[in-house]
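Visitor: I am new to this structure and would like to learn how to read its features one at a time. Could you take me through them slowly?

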Amino acid sequence: NLSDHIDLFTNLRVLDLSGNELTTLPESLASLPDLTALVLHGNPLETLPINAIPTSVEYLYLSDTQLTTLPADIDRLTNLRVLHISGNQLTELPSTIGNLEQLNALYGGGNRLTELPSSIGMLENLAVLHVAGNNLATLPSSIGFLGNLRTLNLLGNNLEALPQSLGSLRSLRVLRIEENLLQRLPATLGQ
């Protein structure tokens, strides 16, 4: 049983539980004070109790876990730097995701997202935004506030237009927009 005595591993930094049959997380995980990476890839999670994840976690891997929602209290994980939520059944992201001030990379490809919350523009440290293979029809204009964004992967969505604010992304080095429904590009792209 995962919850039995796990709180004894007080020096644990990385916990890789990928490829198991976990449907939820034991609250005893929260008692690991120095845990920085939690890998849950490939577990059939039915719920994601954020209060079971230590706030020290910087790297959270939730890809291919069958999640249908990302809890609104995800912003409790104030040290989060990298969030992998690819290959799930997510139709939306909570607006509270904009409160993750330390977030550097968000991998959300292969879901069912139809839009991104406008609060995503609050992620000043975001360098990588990977949302390929979703159902995005539009992007919020607030995406132009991501001053440190270097990679934006929008491959394989339903985008018919891109916001003019895309021209404000001065740090952008990689823009993948193939396999969308674009008929024109914003004039500001030349900036």
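**Reading the model**

Guide: Pro140 is buried, with a relative accessible area of 14%, where buried means under 20% relative accessible area, exposed means over 50% and partly exposed lies in between, computed with a 1.4 Å probe on protein chains only. This is a predicted model, in which local features need pLDDT of at least 70 and side-chain atom pairs count only at pLDDT 80 or more, while totals for chains, interfaces and linings use all residues. Residues are numbered from 1 along each chain as its sequence is written, and side-chain values use heavy atoms, with hydrogens and water left out.

Visitor: Where is Pro140 found, and with which residues is Pro140 in contact?

Guide: Pro140 sits in the loop between strand 6 (128–130) and strand 7 (151–153); helices (H or I, at least four residues) and strands (E, at least two) are DSSP runs, numbered from the N terminus. Contact means heavy atoms within 4.5 Å, and, leaving aside neighbours within four places in sequence, Pro140 is in contact with Leu116, Pro117, Ser118, Ile120 and Pro163. For Pro140 and Pro163, the separation is 23 residues in sequence and 7.2 Å in space, C-alpha to C-alpha.

Visitor: Is Thr96 buried or exposed, and which residues is Thr96 in contact with?

Guide: Thr96 is buried, its relative accessible area being 19%, and its place is in the loop between strand 4 and strand 5. Once the neighbours within four places in sequence are left aside, Thr96 is in contact with Ala72, Ile74 and Asp75.

Visitor: In what order do the strands form the sheet?

Guide: Two strands pair if DSSP finds at least two bridges between them. Here eight strands form an open sheet in the order 1-2-3-4-5-6-7-8, and the pairing is parallel. The edge strands are strand 1 and strand 8 (174–176), each of which pairs on one side only. On average, neighbouring strands of this sheet are turned by 5° against each other, direction ignored; the axes behind such angles are lines fitted to C-alpha atoms, for helices over the stretch in contact, and angles run from 0 to 180 degrees between N-to-C directions.

Visitor: How many bridges join strand 4 to strand 5?

Guide: Three bridges join strand 4 to strand 5 (residues 105–107), and the two run parallel. As one case to look for, His84 has Tyr107 in strand 5 as its bridge partner.

Visitor: How many salt bridges does the count come to?

Guide: Side chains of opposite charge can pair when their charged atoms come close. A salt bridge is a side-chain nitrogen of Lys or Arg within 4 Å of a carboxyl oxygen of Asp or Glu, and by this rule the count comes to three salt bridges. One of them joins the side chains of Asp34 and Arg13 (3.6 Å, N to O). Asp34 lies in the loop between strand 1 (14–16) and strand 2 (37–39) and Arg13 in the segment before strand 1, so the pair ties together parts that are 21 residues apart in sequence.

Visitor: Which residue forms a salt bridge with Arg81?

Guide: Arg81 forms a salt bridge with Glu58, and their closest N and O atoms are 3.5 Å apart. This pair links distant parts of the chain, with Arg81 in the loop between strand 3 (59–61) and strand 4 (82–84) and Glu58 in the loop between strand 2 and strand 3, 23 residues apart. Arg81 is partly exposed at 34% relative accessible area, and Glu58 also counts as partly exposed, at 23%.
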